[in-house]
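Reader: I am new to this structure. Please take a close look at its aromatic rings and how they pair.

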Amino acid sequence: MLPFNVRLERRMDFPWWRNALTPFLSVLAALIVGGAFLAIEGFNPITVYRALFDASFTSKFGITDTLTLATPLILTGLAAAIVFRMNLFNIGAEGQLYLGAIFGSWAGLTISEGLPTILGVTVVLIAGAIGGALWALPPALAKAYLGTSEIITTLMFTFIGLFLMKYLIFGSNSAWRDTEVANFPQGRKIPPEARFEAFGNTRLHWGLIVAIGIAIGIWALIRFTSLGFDMNVVGSSPNAAAYAGIPVRRTVIIALLISGALGGLAGATEVAGRAFALDPNGLELGIGFTGIVVAALARYNPFAIIFVATFLGGIRNAGLALQSLPGERVPVEVSLMLQGAILLFAIGGEVFGNNRLRLTRRVTTADAIAEATA
Amino acid sequence: MNDTAFVLTLAASVAAAVPIALAALGELLSEKAGVLNLGVEGMMLVGAVTAFQIGDATGSLWLALFAGALGGTLFASIHAFLSVTLRANQIVSGLALTIFGTGLSTFIGKSIEGLPLATDFKPTAWGPLADIPLLGPLLFNQDPMFYATVVFALIIAFYLNRTRAGLALRAVGESPGTADTMGVAVGAVRYVHVMLGGTFAGMGGAYLVLGQVPAWSQDGTTAGIGWIALALVVFASWKPLRVLLGAFLFGFARRANFWLQGEGVEIPAEFLAMLPYALTVLVLVVWGTRDLRRRIGAPAALGVPYIRDER
């Protein structure tokens with residue numbers, strides 16, 4: 001037993017400098033720990049970090065690639081944020097993303113051809129949102145009517161969706177598969193009308209603008225609409241909400257469907273902006289799971305999500321970019337490891353920012369007697 | 001009859017069940033203490049890569065297994081610190097653990113990717129017992145880790161239901177406030193069981209490289225077994241012995257293709273891979289409704305941080 005009690009106390013004051021400093025200190029701590037692992041493996045941490053930073057945040061193409069990778073993360077981050085802030089834990093954005101990609105690419109292949117591009121892309125996005133929402137529907141209904149924990153059901157649906165997507169490309173001659181290429185199975189390419197336009201000669205596409213627009217929309221939904229109000233009340237106290245006449249079940253279902261639709265949109269933007277086909281290997285990157293951490297680090301604030309997603313997009317991009325850099329060979333896995341370390345430290349830092357650790361002397365009975373008789 | 005495709009498939013399913021069962025038993029302990037840990041996949045990967053490195057360096061099977069278990073335990077302590085001491089959201093912390101574990105294991109496993117491991121667990125036949133029809137190949141011709149897993153499940157079942165410490169553990173998962181009043185150190189109990197969860201996940205990961213395919217590859221080694229283990233805990237309704245049976249069923253889903261193809265039945269591999277998740281949803285929806293939840297055994301305080309001040 002320790003001779004003192006460790007207590008976590010909620011801080012009462014929130015000066016701006018601490019709010020600003022916490023994330024930086026968290027990232028710094030993560031970089032130090034990551035640097036230790038790098039040093040053990042025989043790399044110079046400073047060189048690696050310089051290369052990482054340059055690859056993602058200083059050159060024109062670095063920045064545009066970073067933003068391209070940030071786009072789906074913004075959407076999955078929003079998907080998590082809208083429900084997590086109501087204590088509803090849809091952790092299935094990953095699967096909803098796959099279904100969004102399946103529905104979106106189907107619409108692109110069958111409907112978009114011959115339409116003006118703006119319509120062709122819109123069709124893909126709407127289909128993707130519907131796909132994602134449909135995938136969230138069974139967990140939403142089970143939650144609302146049976147009280148089944150959405151945590152497990154959405155997680156299970158993620159993997160059912162993953163194998164469904166794999167089946168469509170690797171396991172069958174479905175409408176999604178390009179049957180003309182004989183070698184490695186791959187998805188059929190959607191027509192140009194169904195694709196986001198890119199900015200200049202970069203890979204960055206209009207999906208980013210759509211994602212930012214949706215972030216603003218979600219912020220407005222929470223802030224200004226009666227649905228947003230209902231969601232807040234249900235989130236803080238379902239009993240109070242029911243007493244106030246708010247339809248709790250309906251609000252829960254709608255919130256989960258919106259969340260699913262956002263996950264589906266992430267899949268659709270990946271199809272329309274990056275992969276141009278249903279590409280299981282290019283989609284199975286944990287974008288949905290990472291979105292949950294993005295949302296948590298952004299404290300479920302839609303605008304903060306844009307910045308956190310960009311930061312993580314940059315780290316992901318650096319991993320890819322480092323492979324093609326001349327000079328010291330930096331393994332691509334560094335970025336994956338750093339991403340994880342930063343996430344863990346940021347989660348811890350968040351708590352330290354809001355609370356203080358207090359050590360108090362443990363008073364034993366003997367102490368108390370000694371004190372009283374002294 | 002013991003060399004028919006069906007019996008061989010069943011025997012292979014038993015072996016495939018071992019890592020799933022180990023990881024699920026660990027997660028069960030953690031969840032019984034009220035802490036959901038979505039980091040199973042990450043802990044298994046860390047266990048696997050540690051076990052490979054140590055096995056490669058020392059040539060000792062048991063040392064490698066121990067290293068894998070230790071790696072998983074230490075890795076789980078991150079989740080314990082974040083979710084118990086700092087009371088971070090368990091879902092977020094667990095997922096971050098999986099992301100970090102994936103990255104860390106890929107990074108330290110870079111140099112050993114695809115290399116073979118010289119030492120591995122081998123099945124031992126129990127003399128004439130191994131020739132018993134059906135039961136022989138299933139139960140009496142397995143490697144030591146299979147028997148260890150069965151023993152672990154029995155010990156955990158006994159611990160949960162028949163010991164004082166097990167009662168305290170269940171109290172912490174059901175009603176931490178009450179447990180605290182009764183003098184149970186809620187935080188300590190949670191720490192211990194989250195870390196034990198890591199021990200078992202690490203062992204399960206170690207077994208993957210020491211028992212199944214003696215090589216390390218980041219996307220091939222675990223292949224989602226950590227997530228299946230999470231499903232299994234629910235499927236088995238938080239009961240250790242059911243974990244064993246469920247693991248066998250889920251293991252069968254991973255190995256059934258060999259037999260089915262011989263029988264001329266073409267079930268796409270992807271559908272078999274979906275099976276554990278679909279069955280778990282079914283179990284949840286059929287038996288997991290609000291009124292029946294207590295009966296299936298979900299700890300009431302699962303996922304809820306315990307804060308004494310706010311009691």
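Author: What follows describes the ring pairs, then the charges over rings. This is a predicted model, in which local features need pLDDT of at least 70 and side-chain atom pairs count only at pLDDT 80 or more, while totals for chains, interfaces and linings use all residues; side-chain values use heavy atoms, with hydrogens and water left out. Residues are numbered from 1 along each chain as its sequence is written, and chains are lettered from A and ligands numbered from 1 in the order in which they are written.

Over all chains, the structure holds 24 aromatic pairs. Rings of Phe, Tyr and Trp (its six-membered ring) pair if their centres lie within 6.5 Å; planes under 30 degrees apart count as stacked, over 60 as edge-to-face and the rest as tilted. Phe84(A) and Phe89(A) form an edge-to-face pair, because their planes stand at 85°, with the ring centres 4.9 Å apart. Phe84(A) is buried (under 20% relative accessible area, with exposed over 50% and partly exposed in between; 1.4 Å probe, protein chains only), at 2% relative accessibility. Phe89(A) is also buried, at 16%.

The pair of Phe159(A) and Trp227(B) is tilted, because the planes are at 35°; the centres are 5.4 Å apart. This pair joins two chains, because Phe159(A) lies in helix H6 (residues 150-171) of chain A and Trp227(B) in helix H11 (residues 225-235) of chain B. Helices (H or I, at least four residues) are DSSP runs, numbered from the N terminus. Both Phe159(A) and Trp227(B) are buried. Ring pairs also link these two with Phe163(A), Phe289(A) and Tyr277(B) in a cluster.

A charge sits over a ring if NZ of Lys or CZ of Arg is within 6 Å of the ring centre and within 35 degrees of the ring normal. The charged end of Arg195(A) is placed this way over Phe276(A), 4.4 Å from the ring centre. Lys60(A) lies over the face of Phe61(A), at 4.9 Å from the ring centre.
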